[in-house]
Structures are given as structure tokens and as C-alpha cells.
Amino acid sequence: MSLSFFHRIKRGAARLSGIDTLREKYTYATDPVVGHISQSRVADRWVKTTCGYCSVGCGMLIGVRDNKAVAVRGNPDHPVNRGKLCPKGLSEHHILDAPGRARQPLLRKNGVLTPVSWDEALDTMVARIRDIQQRNGNESLGVVGTGQLLTEETYTLGKLVQLGFRTRNNDGNTTLCMASAVSGYKLSFGSDGPPGSYTDMEQADVILLIGANIADNHPILCHRVDRSPGTKPRTLIVVDPRITKTAMIADIHLAVKPRSDIALLNGIAHILIREGLIDRNYIERHTTGFEQFAEFVSAFTPAHVAAITGLTEEQLTRVALLYGRAKSAFIGWTMGVNHSTQGAATVTAINNLALITGNIGRTGAAPFSITGQCNAMGTRESGFTSSLPGYRKFENEQHREELARIWNIPVNRIPTSRGLAYPDIIEAAVQGRIKALWFVATNPVVSFPNYNLLEHALRNVEFLVVQDGFYPTPTSEFAHLVLPAAIWGEKEGTYTNSERRVSKVSPVVAPPGEARPDFDIFLDIAGRLGMRDELYPDWTSAHDAFLEFQRVTAGRMCDYSHFTWKQIEDANGLQWGGPSLYRDGIFPTEDGRARIHTVPCDPFIEQPDSEFDFILNTGRTVEHWHTRTKTAQVELLNDMVPHAWLEMNPADAARLDLKPHDRVTIRSRRGAVANVELRITGIVAPGQIFMPFHFPETNSNIVTLGAFDPISREPNFKQCAVRVERTPMRDRRPANRNYERK
Ligand code: SF4
């Protein structure tokens, strides 16, 4: 039960008794920025910043009065959102004085998390990790960061972990959402980097969205696919097994069978080649692999693909012709593609379509991964996970030498290969090879698949540090040390959004209690390691990290050397690489050509059977952000969607004799989630069910599969086999742990 519940009870009592007439709320005043406004929201000053939730990267103005954020509005001059904000953005300032913030360091003593000073907390952390590393080797430390940090902080953390603690085992929660896009781009184009921009969606003749429910997950992007009178005529095609809100606004919805997207993409390529709707000139000048590809997709006839996808041959042909005849065609995708054991391969299949039709490197044409978190892109640029900073490769000697020169360290200090990816860090903790874990601004107890395995890992390590802006979280329950961190609105730096736009993030208020910016925590730890001068010479603020990152990225694809913090802020964000990458058709591969890959279509791993007869799909809702660490504390958002639900087709509900609002249990081979509200709806097809993954008390990751893409290491969150039962009365308790653990 959240603290805001008691706050509401108290406030309600005051209103009923007549003590509180809400006078401040209903008295109006005039604000110079927003005009007529409630007296309670009149600001002394407005701070320009960038939303800290999703990767759309909306610009916003936060109104501040008496060191308190009292109002928010979309920045009307910002090119991304043009003054608009979604429900999360419109209420984001409320998280700054929300209950549940972490305020002081906590160290577990005699089994209890006990308040301690920062000195004791960080001295203990360094001593415990050093001791564990001395006994077990440097790589017994694993670190998992986040797309919630500023780019300057992610870069600083990477140096601390890989050059300070000298472990390669550094990854981010971005591996749970964007790793497949990164791997797919590298395989096709030789580098990460989304080739297009949001304006391409407005300029395209055809927009193909695959596994991308932007209406819930990237709501402000919906304005880019507006086809109302006065906008450019274009066709929106949405590929999704579920009739999402985005599918509802499409011109064509392709309700494919789960995980048949590769067959669909190969089948479209088959028709494009057969109909001569390919760009032979582009293929010959800028790609390799087309002949093998053409032979490979010759087997993906419309009849064959129709059988795999569940679509009709007419639907396939219509969509292929629309895509092939478009002057410019845009493909966007998100988690429906990435959350798969074949995610990276599926991304290359998307890139194939763009390459064989020349739909890349020009206005309105791009294969475009819509990123997840506000700064997932910044983590990709700042590296130290699957690549080195500035999109450099661990394996490339020249890249390592460039960095060694900038950092003024011997080149042999820089690892020659990446360390363990996030799932492999967890697996190594289960096996006892990782003995110390440090989570920064992430909540794996809710977000990581196959909870039981994760819990084993968390209980198995000798020392677990959880650094977060909120306390308690489901993950901090397991911590030996909790470090309270500042959050969005309390620190300064930059985020990069999905279209490579680097935007300024500015502090609005001071952090609560003893909470400190992550950047300050990292520098303090480096000092206690005796490495601050070497790693961060003369650094005093995140701006020093930015200045070094400019030198690190100079001449690279993600080149920050062209802009300053001030220029970024004044321009409301600046894109590195301009609106389109690869305009000259030259790719950062050895021969300058993009690669066309042959991508087989394999069935997903855990197929339904007589015992577990449903395919479970998980996803998000617009009101909440990931594991609700933040949005559960925003009364407005929490009241709109306070708990999870399960969507089931009416035919299946009738077969199971279930009614709307029944409480059901979802059971897989790994565990069960009980007491979920049933919603009976044709939004999901027979045999498929859907539930949101945001809710710790009905944690969908109790049942999800611990299977990962062999290339990107991204989890297969989207499909697993489950059965659904009515929840027995004894399990319909309002506790926050309605699940069983094996
Ligand atoms: S769309 Fe994303 S970036 Fe924009 S306001 Fe909503 S959560 Fe923030």
C-alpha cells in the first residue's frame, strides 16, 4: 500500500469535515508562460528540460515555486513534441516530491537495512567488492546500469567499472529492450545507429509498424502518423498479433500469428523480387548478399507465408505492393520484434527490405528502431557494454589505442572483448562466478524474465548493492547496501532520443534527504578506490564528463564535438548524423557495403500444448512506466490503472466458463501469478492472452521464459506457454505477493 493512500485518506477527511475547501486549487491566477492557471500552479520560474520517461524525448517546461515543481507544460518550440505531452509527461513533476524516495544510505546489519553515513556506505562498498575480487578475481563483480541515467553518468560509470574495478562484466537493463536492434543494425550496416528520424514518418508514403504499439508506449509519436485531412496522404500498416490501440488507427492491420514476423518479411521480399519492385542499382552499388538472399526467399511463396502467418495471400500481396511501390517507405519497430530469441535476426530481415528497395538514407525512408527508455540511446553511444565508447569495438586495436590516448592510460588496460551480458551476469551469479552485484536505477525483480532464477542469483551473491532514487523497491528487499540517488529533475546532463537527438536535461529541485546525483556517487567511489585523478582528472561536474565525451566521439558516427550543452539547450536538442544516416550509401563495414542476410523463420521456443494451452504475450499501458517505481507514486496515474489485468478472447472464456472480472491464475512451467482481473475481449485472438508487465504484485515474469537471443542476449518476453485457471478464494488476498515460487 503506497504512502499516498494515507495522504489521500487524510485529505479526504479534511474535505468532508469542511476544514479543507481546496481554495488554493480553485483560485485562478495568471502565469506569464501559460496564462490562466490554478493559483496552486503559478511558478516563480520555468526550467527547460526533457522528459525522463520514454525515448520519444519530449521537450518540457517545469514550473518551480519555492523550490518545488508545481506545474509542467510541453515545450511548444521543441521539434519532437511541439508542445504536447502524454499522461506520464504531464504528471512527471509529481515524482519529485512523491512518497517512497530513497533519502539515506542503508547498510544491512544483523539482517536489517540500517541508516548509515555516506562515508560508511561507500567505504563498506569498496572494501567488500575489493575483498571479493581479491578472493575470486576482478570479474566476480557484475554491474547492471540503465537507460535512465544521463549519458554523462553512463560514460562515467563505464570508466569506473571497466577501468577502476577492472571487470568487463558491465551491462544495462537496455539489454532487456534494445539489444536486438543494436545487434541487427551492426549485422546489416556495420554499426549501431537508427538511420532515420521522426520526420520520416510524416514524409513516407507507407509506414509499416511491426510489433510497435506506439499509442501506448510512445504516445506522442502517434501525431507523426496522423492521416487526417491536410496531412500528406499515406498508408499506415500495423503488424501485431493483438488489436492494439495502434492497430485501431491503422489503415491495414495484419494480425499475424505470434512470432511469424520473419516469415512475413521474407514473404514481402519474395513478392518484391517477383514483381521487380526492387532497386537493382542500390543493391549493386551498396550491398552484398543479394543473390543468396533472392534464392533463399524464393521458398517464401505467398501460400507458404500465409500458412505460417495466418494472413491471406491477398493481404500479403497488397502490403508488399504498397511497400514496393511507395516512393519512400518507413519501417518502425519496438519490443514485438526485439523481445525474441530471434530478435537480432528479425531486425536484419527488416533491414533487408529497406536495402533491396533503397528505402534508406533519404527522406521518408528508413528502417527505424523506436527505442525504449529516455536515454537508452545514450547508453549505446557511451558504451562499455557491448561496445566501447563512441561506437567503437573492443576487438579493434586501433579503437582501443584511440581511447588509451584520450584517457592517458596503457592500451592493455582496455579489454579486448566485451564481458558478460545482463542475462549471463545473472546466470554467473546463480553459478557462483559472480559474487558481487551492483544494480543502478533498475528493478530486475519485476523486469527480468523467469523470476525464480533471478531470485536464486540475488540470494546467491555475497554482496548486492542497489542504487536507486526510490526505496523500498522489490529489488532493494534483497540488497546488502542501498545507495539513495537523485532522479530526473534533480540533476544535469543529456539524453539521446530514438532519432539521435541529444537533448539537455536540467535540474529543477534539490534531491531529497541525503540522496546524491549518480555522477557524484561514481566519483566518490573512484576516490575511495584511489583512482579519481586517473579516471576523472580535474572533474567536478557532469559537464566535465560531457567535455571528455566530446573528445571521445569526435570523428565518430555519434559525434558530440559539434555541439555544446548550451547549443543543445538553445536548439531544443540536436541530432548527431543529421536527419538521415547513410545518405551516400556508404556503410561502416570493411568494404563500405551493407549486408543482406538470409534469415530462417524458426517457431518460438515454448509452443502451447494440451497442458499449457495459451500463448502469453506481455506489454505495457500508457499510464505506467516499466516497473512502476515512479508511476505508482503518481496518484493520478496510479488511480487510472491501479492493477494488472488479463485479456482473453470470448471463445476461450466461454470454453473455460469464465466471466468478466473473474480472478484468474496464470500458470506456466516456472510458476504462477494469481488473482489477476480477467477482461474478455476480441482484442486478443483465440489461444492468445495478454497481460501488462508493470505490476510487482502480479508479476508476469514469474511465468515468463528464461530464453535469450544468442546474438543480442535479449529475453524472449513475448511468448511462453501458460494455462489459465480460476483463482481459488484462498488466494484472492489483497497482499502484494500474489504469486507462488517454486
Ligand atoms: S511520449 Fe514519452 S517522452 Fe513524451 S511525454 Fe510521454 S513519456 Fe515523456
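Me: Where is proline 472 found?

Reply: This is a predicted model, and in it proline 472 lies in the loop between β17 (463-468) and β18 (481-484).

Me: What kind of peptide bond joins tyrosine 471 and proline 472?

Reply: A cis one, with omega at about 0°. Most peptide bonds are trans.

Me: Is arginine 500 buried or exposed?

Reply: Buried, with a relative accessible area of 0%.

Me: And aspartate 538, buried or exposed?

Reply: Aspartate 538 is exposed, at 73% relative accessible area. Its phi is positive too, about 65°, and its place is the loop between α23 (532-535) and α24 (542-553).

Me: Let's go inside. Which residues touch the most other members of the largest nonpolar core?

Reply: Met125, Trp438 and Ile525, out of 118 residues in that core. Helix α10 (residues 261-274) supplies the largest share, eight residues.

Me: What does tryptophan 438 touch?

Reply: Leaving out residues up to four places away in sequence, its contacts include Met125, Leu157, Leu160, Phe165, Phe522 and Ile525. There's also a second, separate core of 53 residues, with Leu106, Phe439, Phe614 and Val641 among them.

Me: How many residues of α5 are buried?

Reply: 14 of the 14, so α5 is largely enclosed by the rest of the structure. The helix covers residues 151-164 and reaches 19 Å from its first C-alpha to its last, close to the 20 Å expected. Arginine 166 follows α5 and has a positive phi, near 55°.

Me: What about threonine 379, which residues does it touch?

Reply: Thr146, Gly147, Thr154 and Thr174, again not counting residues up to four places away in sequence. Threonine 379 sits in helix α17 (residues 376-382) and counts as buried because its relative accessibility is 9%, with the cut-off being under 20%.

Me: Switching to the surface: which residues make the nonpolar patch?

Reply: Ile243, Met248 and Ile249, and the patch is about 250 Å². Isoleucine 243 is in the loop between β11 (235-239) and α9 (245-248).

Technical notes:
Residues numbered from 1 in each chain as written. Predicted model: local features only at pLDDT ≥ 70, side-chain atom pairs only at ≥ 80, totals over all residues. Heavy atoms only, no water. Core = buried A, V, L, I, M, F, W, Y, C linked by side-chain atoms within 4.5 Å. Buried < 20%, exposed > 50% of the residue type's maximum accessible area, 1.4 Å probe, protein only. Helix = DSSP H or I, 4+ residues; strand = E, 2+ residues; numbered from the N terminus. Contact = heavy atoms within 4.5 Å. Patch = residues over 30% accessible without salt bridge, like charges linked within 9 Å, V, L, I, M, F, W, Y side chains within 5 Å. Areas by Shrake-Rupley, 256 points an atom, 1.4 Å probe, with all protein chains shown as cover. Salt bridge = Lys/Arg side-chain N within 4 Å of Asp/Glu carboxyl O. Expected span 1.5 Å × (residues − 1).
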